[in-house]
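Please open the model in your viewer and keep the sequence panel beside it.

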Amino acid sequence: MRQATRLLVLTCSLGLLLSPLAGGATRPRRARTSSVRRARRTVPRRPPGPPALVVPVAASARDVAVSEAARHSLGDQQGAVVAMDPYTGRLLTVLNPYLGLSTAYEPCSVFKIVVAIGGLTEHVITPDTVYNCAGGCWFWPGHGPINLRRALAVSCNPYFEWVGEQLGYDRIQKYAHLLGLGSPTGVNLPDEAAGRIPLSVPMSRVGHLSSHAKGVDTTAIQLAVLMSAVINGGIVFEPQLAGPAGFVPKERWRLPPQVVVGGLTEGFLAAVNEGSAANAFDPDVIVAGKTGTCAGVGWFASYAPADKPEIVTVVFVRPGTGHVASAVAGRLYQSLYKVSPATTATAGY
Ligand SMILES: [Zn+2]
């Protein structure tokens, strides 16, 4: 098991430089809110360094292909990419761990997944419940009558504000924690940030939190665990960077059986096919996911192939938008599933 903690860190430019983050000596493990706030403040002042690509020591050819695809897809944009097997929690690669693991940012509209799960589980909504988005949305005239599938696809703000206000913050907080937010995932990599789920939120701000995740901070790796739990039926994994040979999954917990994680996939698919993640669309590679855009950052938490998920990726860009992040993910999936079919044939799944 110790093997998994020995990291092979590649850099874009030189190939064998050790990442200053991989040593873990200069940054204490961040597990408290105040530390997260400090980290967020310090990020803008940090000069961009070479991208660090972290892959397992015993990486398979498939792992290496995913890592290279992540690096090429992100290009020279500042950001991070995390790739994980949703059924085991095995991490295939982390590109730029400083931004993907060691700092936490507002997850923006990706947090709507938490609100949707809470709303479905607590019977506030069903997939067919229709809300009338009559304005006050990012889409100026409003989306009109809208159900969960469409609300996820176009990231309708009033819909999720309405669901969140009916849930109330205590229940939103409960589902955020259940899905692994607000605490370290326990990944076997140094300097993991805990992120932040507020202890309390005034009722007047619950709507804005539900649509924009205002006051919430998450890491890309936490969102990869969350998206994996949605796909795998409720297993919240402790991610492990390790090769596929002899891999033993570690579960943090399983969601209580009454928690509804189904009913979202149509919305994730629609986001790519007709919504905010259209940049990830490709007729030959079926991708599904949820974008997030706020405060100058962009997210796309996604998986592919959508009908039989093999890989979850979370793309974070800063500065950027969900549109930009989904374009990065689209390129990544296309390079894995379209350009090099010979490589996918060697998949270690
Ligand atoms: Zn709307």
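pLDDT is the predictor's confidence in each residue, on a scale from 0 to 100. Colour the chain by it to begin: the protein averages a pLDDT of 87, and 82% of the residues score at least 70. Select residues 1-44 next, where the pLDDT is below 50 and where the model has 66 contacts beyond near neighbours in sequence; two residues are in contact if their C-beta atoms, placed from the backbone, lie within 7 Å. Residues 341-349 also have a pLDDT below 50, with 13 contacts beyond near neighbours in sequence. Where pLDDT is low, the predicted coordinates should not be read in detail.

This is a predicted model, in which local features need a pLDDT of at least 70 and side-chain atom pairs count only at pLDDT 80 or more, while totals for chains, interfaces and linings use all residues. Residues are numbered from 1 along each chain as its sequence is written.

**Helix α5 against α7**

Helices (H or I, at least four residues) and strands (E, at least two) are DSSP runs, numbered from the N terminus. Select helix α5 (residues 112-121) together with helix α7 (residues 157-167), whose axes come within 10 Å and cross at roughly 55°. Axes here are lines fitted to C-alpha atoms, for helices over the stretch in contact, and angles run from 0 to 180 degrees between N-to-C directions. Angles under 35 degrees count as roughly parallel, over 145 as roughly antiparallel, 65 to 115 as roughly perpendicular and the rest as oblique; α5 and α7 are therefore oblique to each other. The crossing of α5 over α7 is left-handed, a term used if the near helix is turned anticlockwise from the far one by less than a right angle, with right-handed used if clockwise.

Show side chains for K112, V115, G118 and G119 of α5 and for F160, V163, G164 and L167 of α7, which make the contact. These residues divide into four nonpolar, three polar and one charged, where Ala, Val, Leu, Ile, Met, Phe, Trp, Tyr, Cys and Pro count as nonpolar, Asp, Glu, Lys and Arg as charged, and the others, Gly among them, as polar.

Stay in α5 and centre on G119. Is G119 buried or exposed? G119 is buried, with 28 other C-beta atoms within 10 Å; a residue is called buried if 20 or more other C-beta atoms lie within 10 Å of its own, exposed if 12 or fewer, and partly exposed in between, with C-beta atoms placed from the backbone. The C-alpha atoms of G119 and G164 are separated by 7.5 Å, although these residues are 45 apart along the chain. Leaving aside neighbours within four places in sequence, G119 is in contact with V124, I125, V163 and L167.

Move on to L179, in the loop between α8 and α9, which is buried with 25 other C-beta atoms within 10 Å. Not counting residues up to four places away in sequence, L179 touches V114, L226, A229 and V236; the C-alpha atoms of L179 and L226 are separated by 5.6 Å.

**Helix α9**

Select helix α9 (residues 203-212), in which V206, L209, S210, S211 and H212 are buried.

**Backbone stops**

Most residues other than glycine have a negative phi, and most peptide bonds are trans. Just after α9, A213 takes a positive phi of about 60°. C108, in the loop between α4 (97-100) and α5, has a positive phi near 55° and is buried, with 25 other C-beta atoms within 10 Å. H123, in the loop between α5 and β5 (131-133), has a positive phi of about 60°, but with 9 C-beta neighbours inside 10 Å this residue counts as exposed.

Finish with two prolines. The peptide bond from A304 to P305 is cis, with omega near -15°, and P305 lies in the loop between β11 (297-304) and β12 (311-317). A cis peptide bond with omega of about 0° joins R318 and P319, the latter lying in the loop between β12 and α12 (322-339).
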